[in-house]
Amino acid sequence: MITRPSPLSRLSPRPRPSSGPRPSLSSRLSLGSRLSLRSRLLAITVTLLVAGLVLISSVVVRQLETQLMHRVDQQLTPMGTALSAVPPDLLTGKLKRPARVALSTDDLDLFGTAYAAYLSADGAVLRELTGPGPALPRLDLAEVTARAGRPFTVEEAGGETWRVLALPARSRSATIGHAAVVAAVSLEGMRSTIDRMRVVCLVAGSLLLALLALVGGLAIRAGLAPLRRVEETAAAIADGDLTRRVPSPAGPGTEIGRLALSINKMLAQIEQGVAARVESEARMRRFVADVSHELRTPLFGIKGFSELYRMGGTEAAPALARIESESGRLAALVDDLLLLAGLDESDGPGLELTPMDLRTLAADARHDFTALDPSRPIAFTGPSGGPAASAPVLGDEARLRQVVSNLVGNAITHTPAGTPVRIGVGTDGAEAVLVIEDEGPGLTAQEAERVFDRFYRADGSRARATGGAGLGLAIVRSIVTAHGGHVDLHSSPGQGASFQIRLPATPP
């Protein structure tokens with residue numbers, strides 16, 4: 001039995017001989033990495049479309065070929081059955097030699113040439129009823145019987161294809177003594193129809209592929225537009241514009257929306273970190289300038305009075321008194337710096353904790369206010385009003401006195417003379433509270449937020465009337481924190497300022 005190639009094999013391209021070494025996997029990956037994301041997506045999409053169109057075209061052509069072959073078999077079977085039942089004499093008359101007669105094939109719309117012949121028992125052709133037919137394989141009676149009336153295909157060397165049906169003769173002729181009949185039809189018409197269908201599929205598929213590639217390219221370009229905006233924003237940020245943010249083109253539930261939200265959060269944190277670093281550097285520069293000024297002033301005083309005394313421009317007592325005063329200022333500033341350095345350490349400064357009462361510190365603060373500004377009205381109350389009460393704590397009395405002294409000095413420095421002050425002391429739940437409240441000009445929200453920062457001063461000038469290097473309130477918070485407490489500030493412009501020291505209370 002001669003078989004013909006599958007139509008799938010006709011659609012599939014034949015492998016070409018290799019013209020050189022195939023590119024390695026690393027080179028192919030490198031090529032893919034050099035392509036843009038849009039190009040790679042478009043290439044993947046086009047590849048899938050080509051594979052889909054080839055598969056669909058193959059299925060359609062194969063199904064069409066199957067249906068047409070079925071129709072050919074439906075037309076060939078009655079032809080062969082009739083030929084096997086009709087004696088040759090009825091078709092050719094009393095002929096002494098083989099004859100050729102034409103069969104009408106007008107009803108065989110799928111092919112244009114038909115062939116019929118009578119065979120002997122050993123497969124020899126005894127008589128042909130039509131023109132030249134296919135090159136038949138050996139069809140003896142045993143082979144014909146084995147085929148059981150099933151049509152088969154024969155392909156000739158010239159490329160023409162025939163559909164052949166061999167049947168045992170049911171009506172024998174004494175003239176030629178045939179044992180079987182053969183009916184065959186040419187499949188050129190069917191092949192022409194299938195070839196036209198392949199051309200149609202190829203042309204239509206190519207047009208459809210071009211259209212889908214164009215639409216897919218536009219869709220991918222539109223879909224990747226948010227990523228281009230992300231790229232533009234990142235480039236602007238790399239150039240130094242930290243205020244740029246990625247616009248959110250989609251809802252937060254989409255991948256692009258979540259990416260934009262995450263990038264914007266990251267950019268906000270980066271901007272805050274950069275701003276904090278810049279502010280820290282600015283504070284450090286101000287601190288260095290302030291400390292340099294504060295250190296230089298007493299040093300210049302000591303140097304100046306020493307030279308003045310050496311040149312005989314002043315008596316010893318005034319010169320030594322001024323030198324001693326400036327030395328004290330210098331020592332106090334150095335002590336503050338050392339204290340802050342100790343508070344920065346992980347274990348903190350060594351505190352000598354003993355039982356004490358904050359009411360004693362409050363009373364001393366009252367005397368300090370009276371001594372520094374006798375015209376200032378002073379109210380001595382509880383934390384929220386009412387009578388003052390005991391506030392027992394476990395603390396380092398010297399350090400806590402430094403806290404109260406800094407708060408008293410802060411109130412004296414930053415409020416006009418005669419401004420009323422309230423000192424409150426007592427307990428609030430499990431906390432011992434000491435309040436120093438004034439009715440001065442107060443602080444803005446920004447100033448109140450940073451007033452405990454080291455080296456910060458609301459007044460950036462270095463005038464002595466507005467304070468020193470801005471270490472006093474930083475020391476207050478650090479010492480109170482080292483005692484396990486905290487300092488609260490309540491202030492607004494024109495409403496004064498209230499500093500509340502809260503420490504863990506101990507049983508009396």
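Reader: Why does Ala331 count as partly exposed?

Author: Happy to explain, and please keep in mind that this is a predicted model. Ala331 has a relative accessibility of 38%. Buried would need a value under 20% and exposed one over 50%, so Ala331 falls in between and is called partly exposed. The residue belongs to helix α9, which covers residues 316–344. Across space, its C-alpha is 9.5 Å from that of Leu295, a residue 36 places away in sequence.

Reader: What makes Arg191 a buried residue?

Author: Its relative accessible area is 10%. The cut-off for buried is under 20%, so Arg191 is buried. You will find Arg191 in helix α6, residues 188–223. Thr161 is 30 residues from Arg191 in sequence, with 8.6 Å between their C-alpha atoms.

Reader: And why is Thr419 called buried?

Author: The reasoning runs the same way: a relative accessible area of 8% is set against the limit of under 20%, and therefore Thr419 counts as buried. Apart from neighbours within four places in sequence, the residues in contact with Thr419 are Arg376, Pro377, Glu439 and Gly440.

Reader: How do you know that Ala148 is exposed?

Author: For Ala148 the relative accessible area is 54%. Exposed means over 50%, so Ala148 passes that mark. The backbone at Ala148 deserves a look too: phi is positive, about 55 degrees, although the residue is not a glycine. Ala148 lies in the loop from α5 (141–147) to β3 (152–155).

Reader: Which residue with a positive phi follows α13?

Author: That is Gly484, with phi near 85 degrees. Within α13 itself, residues 472–482, the buried positions are Leu473, Ala474, Ile475, Val476, Ser478, Ile479 and Val480.

Reader: What makes the meeting of α11 and α13 a contact, and which residues form it?

Author: Contact requires heavy atoms within 4.5 Å. On the α11 side the residues that make the contact are Arg399, Leu400, Gln402, Val403, Asn406, Leu407 and Asn410, and on the α13 side they are Gly472, Leu473, Ile475, Val476, Ile479 and Val480. Sorted by type, the residues of this contact comprise eight nonpolar, four polar and one charged. The two axes come within 9 Å and cross at roughly 145 degrees, and the crossing is left-handed.

Reader: Which hand does the crossing of α10 and α11 have?

Author: The crossing of α10 and α11 is right-handed. Their axes come within 10 Å, at an angle of roughly 35 degrees. From α10 the residues that take part are Leu358, Thr360, Leu361, Asp364, Ala365, Asp368, Phe369 and Leu372, and they meet Leu400, Arg401, Val404, Val408, Ala411 and Ile412 of α11. By type, the residues of this contact are 10 nonpolar, one polar and three charged.

Reader: How many cavities of 30 Å³ or more does a search of the whole structure find?

Author: The search finds one. The largest cavity has a volume of about 40 Å³, and its lining consists of Leu358, Leu361, Leu400, Val403, Val404, Leu434 and Ile501. Helices α10 and α11 each supply at least two of the lining residues, and α11 gives the most, with three.

Reader: How do you know what kind of residues line the largest cavity?

Author: Look at the residue types: the lining holds Leu, Val and Ile residues, among them Leu434 and Ile501. Leu, Val and Ile all count as nonpolar, so the tally for the lining comes to seven nonpolar, no polar and no charged.

Reader: To finish, how many helices and strands does the protein chain have, and what share of the residues is buried?

Author: The chain has 13 helices and 12 strands. Of its 508 residues, 34% are buried. As for contacts with a separation of 6 or more, 69% are between residues 24 or more positions apart.

Note on methods
Residues numbered from 1 in each chain as written. Predicted model: local features only at pLDDT ≥ 70, side-chain atom pairs only at ≥ 80, totals over all residues. Heavy atoms only, no water. Buried < 20%, exposed > 50% of the residue type's maximum accessible area, 1.4 Å probe, protein only. Helix = DSSP H or I, 4+ residues; strand = E, 2+ residues; numbered from the N terminus. Axes fitted to C-alpha atoms, helices over the stretch in contact; angles between N-to-C directions. Left-handed = near helix turned anticlockwise from the far one by under 90°. 1 Å grid on protein atoms, 1.4 Å probe; cavity = no way out; pocket = protein on both sides within 12 Å on 5 of 7 lines; lining within 4 Å. Points joined across faces, edges and corners; volume = space filled by probe spheres on them.
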